[in-house]
Amino acid sequence: QVQLVESGGGLVQPGGSLRLSCAASGSIVSINAMGWYRQAPGNQRELVAVAPSSGRTNYADSVKGRFTISRDNTKNTVNLQMNSLKPEDTAVYYCYLQASLIGKHGLRSSWGQGTQVTVSS
């Protein structure tokens, strides 16, 4: 069982900043990747940024240069610093975890409950 607790969403004006945080806990053996996805109304869930434990961080083209993902491996947390926010960034943001779990074979994916980010004047 894995728990992902997100925080930091809210309402911000265009050009503003927000910081999302996510803490993972539970029956985690090792983490392969943590990151963020988002889903706007009427759209499919899409990748925002994912930071693997080894390898290069992956960002959506639409957020490159504005968003920065960071991980604290000692605390199993991932953060998303979002700057220069635009109305099109409005969505529910979901924390993502890919990890090996106690008693489970292979890598398993887990999702947070989502946090709303609204960019509007």
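A residue counts as buried under 20% relative accessible area, as exposed over 50%, and as partly exposed in between, with a 1.4 Å probe and protein chains only. The model is predicted: local features need pLDDT of at least 70 and side-chain atom pairs pLDDT 80 or more, while totals for chains, interfaces and linings use all residues. Residues are numbered from 1 along each chain as its sequence is written, and side-chain values use heavy atoms, without hydrogens and water.

Ser 27 is buried, because its relative accessibility is 16%. Ser 27 lies in the loop between β3 (18-26) and β4, strands being DSSP runs of E of at least two residues, numbered from the N terminus. Its side chain reaches the backbone nitrogen of Gln 1 at 2.8 Å. Beyond neighbours within four places in sequence, Ser 27 is in contact (heavy atoms within 4.5 Å) with Gln 1, Ser 100, Leu 101 and Ile 102.

Aromatic rings form a second theme. Rings of Phe, Tyr and Trp (its six-membered ring) pair if their centres lie within 6.5 Å; planes under 30 degrees apart are stacked, over 60 edge-to-face, and the rest tilted. Tyr 37 belongs to strand β4 (residues 28-39) and Trp 111 to strand β10 (residues 107-111), 74 residues apart. Tyr 37 is buried at 18% relative accessible area, whereas Trp 111, at 37%, is partly exposed. Ring pairs join Tyr 37, Tyr 96 and Trp 111 into a cluster.

How values were computed:
Helix = DSSP H or I, 4+ residues; strand = E, 2+ residues; numbered from the N terminus. Polar contact = N/O pair within 3.5 Å; in protein donor to acceptor, adjacent residues only side chain to side chain.
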